[in-house]
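Please look at the sequence and the model below, then read on.

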Amino acid sequence: MALCVLPPAKYGNHYHSHSHRTSITQQTSKNKSAMIVRMTASSGGTGGQLASYEEGELEKPNWTGETPLSRLVGALISFKPLYSLLKLGARQVFISTAEKTNVPWREMTKEILESDVYKEMESVQNMSITYPDYYLNPFHAYDEGNLSWLAAAEAEAATMSMVRRAIPDASSLEEANEIVRGNWLNAIEQHHQQYSGNLKVRDILDIGCSIGVSTKFLADKFPSAKLTGLDLSPYFLAVAKYKEKRRPKSSNSFQWIHANGEDTGLDSQSFDIVSISYVLHECPARATINLAKEAFRLLRPGGTFVVTDNSPKSKKLQELSPVLFTLMKSTEPFLDEYYLLDLEKTVKEAGFINVQTILTDPRHRTLTATVPY
């Protein structure tokens, strides 16, 4: 069944408010019990648009967890000669998929690697940091995981490719971002307006900020806020700082911190929004639990916690081909733990209230929650 998606209005760097409300209704004759998740994306509290995305019939894909299919894929990946081939294949898929959608992966990577980005490392790297064991695993077909210049140089192209895959019918990357990033940003704004008690957004923390793509989107949405991007990879942070220096001046201020999001060392109750974007699927369950607890500590009363990542209930992800989900699992060592963890329960147990989860695009969910007064 075709999914009907109405792209939010074009907005330059962020959404402008709209006075109208649009509804998309999707019906199925094959499965009357199919769930439709709706989100009202509002800007400025003056209205918005309604987008609908269909959930799959399962609670999670059958290629995750303890299912026979999942165990078979796990056995294949554990065979080292095959694993090496899968990693190579996954990398080729990443690059070819990107370039087929006009994302110049190789050119973007070369531009970073041949720049003077290396000069930023000294200013961002925390030499006393102790990396958690899970972070030293290979991720995304990189043997060094996120601790390499190649991973950092390719991060922006990989992010663009992810957005294009989420909205394959989009006519451009800009249009795809208007849906994927725009719906996520509006979910944050709507939740904060509804539950924060008029708490002004002054300070935002972006945990797992990578090279600062999500940080920049947050800055554009909240132009008066101070942005802190925090990541475990000094390579990513060096690229983030390098790119920030070369962007036009904005009203936001930025700082980049090399630290563990589970134990940031930052002051309690010092942020109004804590965001974690596309990070938790790379974490074991114990790390996700600690991240939620740390976010709770860092937020002011009325503050908003937001997580966006793969949705276990995504119809698109549940229906991935065997080749694609095998390649995905070969580059994401903690994917099963992510899909098996009850994220809403985890966030509630950390102390949050008003916990809500919605599909903000066909592949990704956005969870929002509030620190009580």
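The side chain of glutamate 319 makes a polar contact with the side chain of lysine 315, at 2.9 Å. A polar contact is a pair of N or O atoms within 3.5 Å; within protein, one must be able to donate a hydrogen and the other to accept it, and residues adjacent in sequence count only if both atoms are side-chain atoms. The model is predicted: local features need pLDDT of at least 70, side-chain atom pairs count only at pLDDT 80 or more, and totals for chains, interfaces and linings use all residues. Residues are numbered from 1 along each chain as its sequence is written, and side-chain values use heavy atoms, with hydrogens and water left out.

**Glutamate 319**
- Glutamate 319 sits in the loop between helix H10 (315-318) and H11.
- With a relative accessible area of 53%, glutamate 319 is exposed (exposed means over 50%, buried under 20%, partly exposed in between, with a 1.4 Å probe and protein chains only).
- Proline 61 is 258 residues away from glutamate 319 in sequence, yet the two are 7.8 Å apart in space, C-alpha to C-alpha.

**Serine 330**
- Serine 330 belongs to helix H11 (residues 322-331).
- Serine 330 counts as buried, because its relative accessibility is 3%.
- A polar atom of the serine 330 side chain lies 2.6 Å from the backbone oxygen of leucine 327.
- Neighbours within four places in sequence aside, serine 330 is in contact with Ile77, Tyr83, Leu86, Lys87 and Ala90 (contact means heavy atoms within 4.5 Å).

**Helices H5 and H8**
- Helix H5 (residues 149-166) packs with helix H8 (residues 234-246) at an angle of about 45°, and their axes are 8 Å apart.
- H5 and H8 are therefore oblique to each other (angles under 35 degrees count as roughly parallel, over 145 as roughly antiparallel, 65 to 115 as roughly perpendicular and the rest as oblique).
- From H5, the contact is made by Trp149, Ala151, Ala152, Ala155 and Glu156; from H8, by Tyr235, Phe236, Ala238, Val239 and Lys243.
- Eight residues of this contact of H5 with H8 are nonpolar, none is polar and two are charged.

**The whole chain**
- The chain has 13 helices and nine strands (DSSP runs, with helices being H or I of at least four residues and strands E of at least two, numbered from the N terminus).
- Of its 373 residues, 56% count as buried.
- Among contacts between residues at least 6 apart in sequence, 76% join residues at least 24 apart.

How values were computed
Axes are lines fitted to C-alpha atoms, for helices over the stretch in contact, and angles run from 0 to 180 degrees between N-to-C directions. Ala, Val, Leu, Ile, Met, Phe, Trp, Tyr, Cys and Pro count as nonpolar, Asp, Glu, Lys and Arg as charged, and the others, Gly among them, as polar.
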